[in-house]
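Morning, everyone. I have one structure to show today. Let me put it on the screen and then walk you through a few places.

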Amino acid sequence: MADADHSSDGGENTFMSFFTSFGIHILMVIIVIILKWQYDRNRYRYPKGPRDWRNLKDAISFQRKKRDNLLNLVNDYPDSCTVMTHTGRLILLNNSGFINEIFLGRADLVSNKVDNYLENQLRYKEGKHIRTGIVFRHQDHNARIIHKALVNYIDNNLVNKHLDVMVQEQLQNLHLSKQFDVRRTTFYFAVRLLTSLSCSSVSISKNDKVFELFEQNLYKISKAIHEDTFQKSAKTVLSKLTGLSETLDINENVLDYIKTWIKRRREESNIHSNNEQRVTSTTETSNDFLDSILNCIDESSPRLDDDDISACILDIIMHGSEMLKGALSWFLLYVVQYPEEADLCRREVREKNYSKFELSSTESLIYTQAFIKEVLRLSPVVPVVVHSTLEDFKWRTYHIQKRTQFGANILALHHSIAWKQATKFDIKRWIGDNLSSIPTHSYLPFGLGPRACVAEKYLFNLLTGILGVLLYHNDFEKIGPIPDPIGGTFGLANIPPKYSLKATSFSAN
Ligand code: HEM
């Protein structure tokens, strides 16, 4: 009996001591976390704002009513404020001076949009740093050379050369049915355009099943990436933990297809160099984005491989199509919402006989150009450009921890009091003498600084030309309730909710 008592005492003691030591460990972890939190609180200093647990309600409502919040926060914090979003702490820059200081002055910022959202990063090559043109860290050598190569290609080999033919071809293929889903139709148009710009030899024919699947997959990604919700963040966390994600699988599929373009291009260039009986490098001419990136390989460090290049091409196609979809969907929404202004544009394109896309003559489309600019002012496709810091740094009176996100509040800039009747849709503000009242540094639809859009110099003209041709050939009508221009999915990109229109072709009449 005595023995039995001893052994049960021993068991109880072991259990107790295990339990106590476990408790002590947990307690120590909690103490370390609290000390670290306290240390960071004292060490780092951020602009004030609705940012912490005491303001949890504000933080949640920042997400839920993002548009209103982006505009309202400027009243309370005219320069900058810190908000807690579901993607972490974000310093929102509300003043154009501050936006310039950070976005022009701190080129080492990472463009956050794709890091968190496109999900095609890191997973594909463990241990290698973040890849692709849009995502490369800008202080990173490869990011800079790719950005430069794309800009050079657009300047020297695309504009005033084959761009007109390529855009016109896709416009001709755009058969608007009587009732069409605007977002879907514009996305498919944009994917085809961006694919032909990225790899001119891809056959974009209707009957190519592989290309069709590629397009459909991109559309699936498109529907997922710009969601900016708690649910989306939870899914991202889950896929980080489990490694499972539908979007990632689709991405992998899409990347494999792009890799076949690279392989074929290499074979073509080998045949070409053999035929020429001389050793050629690919650095001679660029016929498309793919060529211009392949031409960077010798300069790159670490050396770009096929995975890097295909991720880069995918980003260009995805970003370009997503942005064109957003912009064109907004334009058509404003066309039916503001028919008088749209008629001014239509009359103009008819007078100038602008039936085919031609970039160089878009400058003469004064009203259409003004229409484009005004829509992108009120409904910028990228309402907040988000970058994040790579290192701790001191800025003004603040001490910012690395990986803090900075957001340029583009929406607020476009609605600031510097604009006359800022909330009014007024295309005339962009015309003639009125131009002098356009405030400086208050309009940034394509970002700014070293990470600004590579196509920015030509985007107004490109968009003007596309809308011009669409208005020349079609009448657009509502076929039911359409979304309010101040609505929109308002995630990472600002895109109108799904809606349909009726298009009647004038030539058919
Ligand atoms: C309406 C159309 C477009 C809009 C509103 C737009 C907007 C933007 C914005 C705001 C950025 C800067 C993001 C940042 O600072 O993080 C950006 C970057 C970029 N855009 Fe666009 N974009 C458009 C069309 C295009 C097209 C057609 C292309 C195709 C070539 C393109 C290629 C790029 C690339 C490669 C970057 C990354 C530049 C870098 O980080 O080095 N964009 N775009």
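**A glycine in a helix**

Start with Gly-326. Leaving aside neighbours within four places in sequence, Gly-326 contacts Val-381, Ala-493, Asn-494 and Ile-495. Keep in mind that this is a predicted model. Gly-326 sits in helix α12. Is Gly-326 buried or exposed? It counts as buried, because 26 C-beta neighbours lie inside 10 Å, and 20 or more is enough for that label. Now compare sequence with space. Gly-326 and Ser-301 are 25 residues apart in sequence, and their C-alpha atoms are 35 Å apart.

**α12 against α14**

Stay with the helix that holds Gly-326, α12. Helix α12 covers residues 306–337, and helix α14 covers residues 366–378. Their axes come within 10 Å and cross at roughly 105°. That angle falls in the 65 to 115 range, so α12 and α14 are roughly perpendicular to each other. Which residues meet there? From α12 we have Ala-327, Trp-330, Phe-331 and Tyr-334. From α14 we have Ile-372, Val-375 and Leu-376. By class, this contact has seven nonpolar residues, no polar ones and no charged ones.

**α6 against α7**

Next pair. Helix α6 runs over residues 141–173, and helix α7 over residues 182–198. These two pack at an angle of about 150°, with axes 10 Å apart. Over 145 degrees counts as roughly antiparallel, and therefore α6 and α7 get that description. The crossing of α6 past α7 is right-handed. On the α6 side, Met-166, Val-167, Gln-170 and Asn-173 take part. They meet Phe-189, Arg-192, Leu-193, Ser-196 and Leu-197 of α7.

**Two record annotations**

Now to what UniProt says. An unreviewed entry there marks residues 15–35 as "transmembrane region". In the model, that stretch is 100% helix and 0% strand. Its end C-alpha atoms are 30 Å apart.

Where does Cys-453 lie? In the loop between α15 (410–414) and α16 (456–473). Cys-453 counts as partly exposed, because it has 19 C-beta neighbours inside 10 Å. Beyond its neighbours within four places in sequence, Cys-453 contacts Phe-446, Gly-447 and Leu-459.

That's my tour. Over to you.

How values were computed
Residues are numbered from 1 along each chain as its sequence is written. This is a predicted model: local features need pLDDT of at least 70, side-chain atom pairs count only at pLDDT 80 or more; totals for chains, interfaces and linings use all residues. Helices (H or I, at least four residues) and strands (E, at least two) are DSSP runs, numbered from the N terminus. A residue is buried if 20 or more other C-beta atoms lie within 10 Å of its own, exposed if 12 or fewer, and partly exposed in between; C-beta atoms are placed from the backbone. Two residues are in contact if their C-beta atoms, placed from the backbone, lie within 7 Å. Axes are lines fitted to C-alpha atoms, for helices over the stretch in contact, and angles run from 0 to 180 degrees between N-to-C directions. Angles under 35 degrees count as roughly parallel, over 145 as roughly antiparallel, 65 to 115 as roughly perpendicular and the rest as oblique. A crossing is left-handed if the near helix is turned anticlockwise from the far one by less than a right angle, and right-handed if clockwise. Ala, Val, Leu, Ile, Met, Phe, Trp, Tyr, Cys and Pro count as nonpolar, Asp, Glu, Lys and Arg as charged, and the others, Gly among them, as polar. UniProt positions are given in the numbering used here, feature names are shortened, and annotations may be inferred rather than shown by experiment.
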